[in-house]
Amino acid sequence: MITEGKWIYPEAYEIDPAMRYPASYLRRRFTLDQKTEATLSITCHGLYVAFINGKRVGNHVLEPGPGNYPKRLEYQKTDVSALLQAGENTILIILGDGWFRGCTGIDGCRNLFGNRLALLCTLEDLHGNVLLQSDEAWEASQSGPIRADDLEQGETYDALMEEISDWHPVLIGEEDKSVLVQADECRISEHERFPGKLIMTPNGERVLDFSQNLAGYVRFSVNAEAGGKIVLWHGETLDENGNFTQANYDPGDRNREGGIPQKIVYTCKEGLNEYAPSFSIFGFRYAKVETDIPLESASFEAVSVYSDMEEAGYFECSDEDVNQLFRNAVWSMKSNFCGIPTDCPTRERAGWTGDAGVFVDTGMFLMDCEKVYRKWLREVALGQSAEGVVPNIAPPNNLSGFITRLIKGSAGWGDAAVIVPMALYRVYGDKAILEENYPMMKAWVGFLIRRARKSKLKNRFRKNPYRDYLMDTGFHFGEWCEPDVDSTAAMKENLTKGVPELATAYFYRSAALLSEAAGILGKTDEKERYAEVAENAKNAWRYWTLKDGKIESKRQADYVRALAFGLLDGEEKQTNAAILNGLVKENGYHLNTGFLSTPYICQVLADYGYVDSAYRLLLQKTCPSWLYAVGKGATTIWENWDAVREDGTVYSSLNHYSYGAVCRFLFSGICGIRYENGEITIAPQPDPQLRFAKARWKSPVGIIQSEWRYENGKPVFTVSIPAGKEAKVILPDGRNFMVRGEKTKR
Ligand code: BGC
């Protein structure tokens, strides 16, 4: 048991929180009578890398991973039998700052969870006998080659210090062991590699182009003389003049330490130098190289780093830009699933709730991400307040600031606590997902019920018979990032005016989903109770929003949300879908939705008969549109539609997966693969704007494939479903039939 070890502190000195310290090396020699099969369990405050007899333990990185350490600390158990030998053995563990005390969040705050690194580990044989544990017999040194390390800022490595000296005793620590959880199911590893191409930019700098924006680091090998220096700066893009830039990283509070530079400073030893950082991860496609060392024989490759997830979906169609869009979404997902889903791998690296909520349905089509989401949901639950407020970011990665103080439980963000578990359950079908999360879901809806009753603008709503369910209080991000709206100004306005249309719609949605979850878990009373809350919230929304059955708004988002969430009844649906279609058309087939409703717009249009408009939106090349970014050479999804403007100037993140949520439409709309609660439906929505489209998805019940191609002006469909399974096929003209097991052609 890992708890048999003692917490040990490698830094046997006073820690000044304002200072940075080198990585700590911990060492212990031990003897085994014979070659033994054993597992090593480790965790730490910080990040660890372990070696036994000079060989790396396991092939995972950035462990123990992100988390709310004081509340839940994961440890990993690895089989190390192959590394052990009879006789003398040496274990060496290196600790770095990581999420524990390095720069995190938009402001690059430090010491979020503490300021002293600590290690806990045990080596056990297969019978559970402890062969070795962390204790006072270990020694430590801060005189190893990693002179400075930070997840965001990067690493300073001196290869001339690889012979470690200055070993000293460790201190025994008193850290909590009750928060330890074994977590081997969702580990972070190195994945794809991209060779770097050295280019000379117009301002005379040497820059490596790895051709793919990603999250990871550069691994290099170079022959050099002792003392030679290489400095690498990592950036996502070139600027309007074709020069290296980090300008778009846009740090938050510049008075705080700030997280960005994404910089490696490496001092060479004589001869061959091979290196990759141990405790840093960057978002980048380019690396600027500063060195006097000749690079002719050097090699540089970008290594992508993310949680172990298998690719689940494949999509291809006759439009190469759409194919690139699909690949970009996959890459933004890979770049943002490092232990938990985050907004971006650069500026904030934060487990924003809203982002996770808008993307989950798409994410499950792209990669097998159940474990990452489930781990993240545990973090969200840990961050929930006693009154049920869901944190904006989980686990915490910033100090309390403007956003955390003012924005509590933003509509669309907090609701992810209900949306994500239900989405996972519908696809993966494991009731335990709902059991684990039900208390959090219920507490969130409980908070919403109380908040809705506290109308601060009561007088205005006096006539609304459902006013106790109208959500006009609270401070919300709003639709967020609508292309023609200043989101920050809108957010400030929300403070006084609230966002009743949006917040009440989400209140309805969360209550309805909670009622469904209660039903699945056999909680009949609660199912009815929350169904009634949902009904009242829907009525409140309808009273507030509809005039003669029409939504009174010029914003596309309001229509999309109403249709996607089921807030409209009978003919109202078609009437409002027609208005939405009109707005899209008036806007020259451009969307103006933001974060929250962009994922649904194409599907909603297609479902109400505007397939042509849905495709025009998808295939639109001018900004705002998905393909504008593709036209600008994007290899990931951007945070803002115009993150690289027409004139080439750049701002904001180039690796936010949220707008990639449209890829669900490629699977569920264009190719029509829908899977919920164990039932497969194939309802393709073809349009001659594409000649063919095909999607393949590794669903929990096997591979589902759907493809169509226009032949003589008519679409011909091919569907394949797992052997022995049934699927309902619905053709665009409404004809439908059941298919079973094998390939069917129509
Ligand atoms: C993040 C988002 C997040 C948002 C909240 C941004 O700075 O990058 O992805 O959801 O703030 O509005």
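This is a predicted model: local features need pLDDT of at least 70, side-chain atom pairs count only at pLDDT 80 or more; totals for chains, interfaces and linings use all residues.
- Arg-542 lies in helix H11 (residues 524-545), whereas Asp-569 lies in the loop between helix H12 (556-565) and H13, so the pair ties together parts that are 27 residues apart in sequence; Asp-569 counts as partly exposed, at 35% relative accessibility.
- Asp-209 and Arg-285 form a salt bridge whose closest N and O atoms are 3.0 Å apart, and because Asp-209 belongs to strand E18 (residues 206-224) and Arg-285 to strand E24 (residues 282-291), this pair ties together parts that are 76 residues apart in sequence.
- Both ends of that bridge fall under the 20% limit for burial, since Asp-209 is at 17% relative accessibility and Arg-285 is at 15%.
- Glu-310 forms a salt bridge with Lys-698, where the closest N and O atoms are 2.8 Å apart; Glu-310 sits in the loop between strand E25 (299-307) and strand E26 (313-317) and Lys-698 in strand E33 (residues 692-699), so parts that are 388 residues apart in sequence are tied together.
- Lys-698 is partly exposed, with a relative accessible area of 44%.
- A network of salt bridges links Glu-11, Arg-20, Asp-97, Arg-101 and Asp-150.

**A buried lysine**

- Lys-375, which is found in helix H4 (residues 370-383), counts as buried at 3% relative accessibility.
- A polar atom of the Lys-375 side chain lies 2.9 Å from the backbone oxygen of Pro-66.
- Leaving aside neighbours within four places in sequence, Lys-375 is in contact with Pro-66, Glu-74, Cys-186, Gly-339 and Ile-340.

**Nonpolar cores**

- The largest nonpolar core has 144 residues, of which Phe-315, Leu-366, Tyr-373, Trp-376, Trp-626 and Ile-670 touch the most other members.
- Helix H10 (residues 500-520) supplies the largest share of this core, namely 12 residues.
- A second, separate core holds 58 residues, among them Ile-2, Leu-120, Val-218 and Leu-232.
- For Trp-376, the contacts beyond four places in sequence are Ile-340, Pro-341, Gly-351, Trp-352, Thr-353, Ala-356, Ala-394, Ala-416 and Val-420.

**Aromatic pairs**

- The count of aromatic pairs comes to 35, and in one of them the rings of Trp-352 and Phe-477 have centres 5.5 Å apart and planes at 75 degrees, so this pair is edge-to-face.
- This pair links distant parts of the chain, 125 residues apart, with Trp-352 in the loop between strand E28 (340-341) and helix H3 (353-366) and Phe-477 in the loop between helix H8 (458-461) and helix H9 (487-497).
- Trp-352 is buried, with a relative accessible area of 9%, and Phe-477 counts as buried at 4% relative accessibility.
- The rings of Tyr-506 and Phe-565 are also edge-to-face, because their centres are 4.9 Å apart and their planes stand at 85 degrees; Tyr-506 in helix H10 and Phe-565 in helix H12 are 59 residues apart, and both are buried.
- Ring pairs link Trp-352, Trp-413, Phe-477, Trp-480, Phe-595, Trp-626, Trp-641 and Tyr-659 into a cluster.

**Helix H15**

- In helix H15 (residues 611-619), 7 of the 9 residues are buried, so this helix is largely enclosed by the rest of the structure.
- The buried residues of H15 are Val-611, Ser-613, Ala-614, Tyr-615, Leu-617, Leu-618 and Leu-619, and the elements against which they pack include helix H2 (320-335), helix H13 (570-586), helix H17 (663-670) and strand E34 (702-711).

**Strand E36**

- E36 runs parallel to strand E32 (residues 679-682), to which 3 bridges join it, and Lys-728 of E36 stands opposite Thr-681.
- Strand E37 (residues 736-740) is antiparallel to E36 and joined to it by 5 bridges, with Phe-737 as the bridge partner of Val-729.
- The hairpin of E36 and E37 has 5 residues between the strands, and Gly-734 there takes a positive phi near 95 degrees.

Note on methods: Residues are numbered from 1 along each chain as its sequence is written. Side-chain values use heavy atoms; hydrogens and water are left out. A nonpolar core is a set of buried Ala, Val, Leu, Ile, Met, Phe, Trp, Tyr and Cys residues joined through side-chain atoms within 4.5 Å. Buried means under 20% relative accessible area, exposed over 50%, partly exposed in between (1.4 Å probe, protein chains only). Helices (H or I, at least four residues) and strands (E, at least two) are DSSP runs, numbered from the N terminus. Contact means heavy atoms within 4.5 Å. A polar contact is a pair of N or O atoms within 3.5 Å; within protein, one must be able to donate a hydrogen and the other to accept it, and residues adjacent in sequence count only if both atoms are side-chain atoms. A salt bridge is a side-chain nitrogen of Lys or Arg within 4 Å of a carboxyl oxygen of Asp or Glu. Two strands pair if DSSP finds at least two bridges between them. Rings of Phe, Tyr and Trp (its six-membered ring) pair if their centres lie within 6.5 Å; planes under 30 degrees apart count as stacked, over 60 as edge-to-face and the rest as tilted.
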